[in-house]
Amino acid sequence: MPGLDPAIIGIDGGATRSFGVALSPDGDVLAVAEGGSLNFFGAGLVAARATLRDLLRQLGVEAKRVRGVIGCAALFEEATADEKAALCRDIVDLAAVRLVSDCDTAHFGALLGRPGVIVISGTGSMVRAENEAGQVFRAGGWGHLVGDEGSAYWIAREAIRACIAAAEGYGTPTGMTALVEQWLEVRSLKEIVPRIHHPAFTKDRFASLARFLGERMGPDDRVWVQVRQEAGRLLARQTEAALRMAGFATSPVPVCLMGGVLARDAVVAASLKAHLRHEMAVAFVEPALEPALGAAALALKDFGLELTEARLAKLRASVRGRSPTA
């Protein structure tokens, strides 16, 4: 890669929101930025490219001269040449940046390159395991149409399905019904179909219902509790699969829980932990850095800068007080 001047960037391009950090050649934080989705499958390529341009504008760096790492929610692994060109051509120097999965950058930030597992549940969900030999195994991450079990989108969908079951007499009555109607601005569930199938009703908007319910539902609604316990169980099942594929030599295996759902919802997190501990030898550990900073940390490593505690503290301070991603 070319020289370090003038700035190193790390961008976490999520399914709903993206976060960027500009760093000096010495690893000092110069600027931070926030924007929309970099998922060129979900948001579309035009919107994702516009987000990337906007993030660089906010960071105040010359787009054609930046060096660094971009994590992207549309990818399972490092981008092909065609994928990188589609997103980054005429925005950054293609030879100066790495375009990888946002799951890879999140893992590096959480464990700083050490073996272990991360479980991410935000708008979508995914599990990534990296063993002692550096081999990577993933479970989940297939998107909301066929996967994303245990994610905010999944919780929102299951909550609405539970309300429909209650309304049609084959499910248990739940206090979620009134809140779902309030959130969708309808007088009854019968009016929701045109709203949830409207083109403007995006995946991230749908997923935001999970947080709306989480902030308003009481702890005693049995149906609401069951939906979240099942979310945890499904996340644990995916984690077990990734652990078995990875075949870790050491035990217990470090596991980091990440993403807005696992940060905010104690019921989901507790269910995941209980089911996983029942099946596997794991040790739950706090991530060294939150997902938004994983790309920045990986960029520093790529340029040969040691991840000292002082540099890690500066990175953490750059996002202090910001909310977890959806």
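Which helices and which strand each supply at least two residues of the lining of the largest pocket? They are helix 3 (102-111), strand 7 (125-130), helix 4 (152-167) and helix 7 (203-216). Helices (H or I, at least four residues) and strands (E, at least two) are DSSP runs, numbered from the N terminus.

The model is predicted: local features need pLDDT of at least 70, side-chain atom pairs count only at pLDDT 80 or more, and totals for chains, interfaces and linings use all residues. Residues are numbered from 1 along each chain as its sequence is written, and side-chain values use heavy atoms, with hydrogens and water left out.

The protein chain has 12 helices and 10 strands. Its radius of gyration, taken over C-alpha atoms, is 20 Å, close to the 20 Å that the globule rule gives for 326 residues, so the chain is as compact as a globular protein of that length. That rule is 2.2 Å times the number of residues to the power 0.38. Of the 326 residues, 52% are buried, meaning under 20% relative accessible area with a 1.4 Å probe, protein chains only. Among contacts (heavy atoms within 4.5 Å) with a separation of 6 or more, 68% join residues 24 or more positions apart.

The largest pocket holds about 1100 Å³ of space. On a 1 Å grid over the protein atoms alone, a pocket is an open set of points where a 1.4 Å probe fits, with protein on both sides within 12 Å along at least five of seven lines; lining residues have an atom within 4 Å of a point. The volume is the space filled by probe spheres set on the points. Of the 46 lining residues, A15, N39, G124, D148 and K203 lie nearest the centre of the pocket. Helix 4 gives the largest share of the lining, five residues.

A search of the whole structure finds zero disulfides, a disulfide being a pair of cysteine sulfur atoms within 2.5 Å. For C88, the nearest cysteine sulfur, that of C72, is 8.3 Å away. The sulfur of C103 is 12 Å from the closest cysteine sulfur, in C256, too far for a bond. Both cysteines are buried, C88 with a relative accessible area of 0% and C103 with 1%.

G232 lies in helix 8 (residues 222-246) and counts as buried, at 0% relative accessibility. Leaving aside its neighbours within four places in sequence, G232 is in contact with V268, S271 and L272.

Definitions and conventions: Buried means under 20% relative accessible area, exposed over 50%, partly exposed in between (1.4 Å probe, protein chains only).
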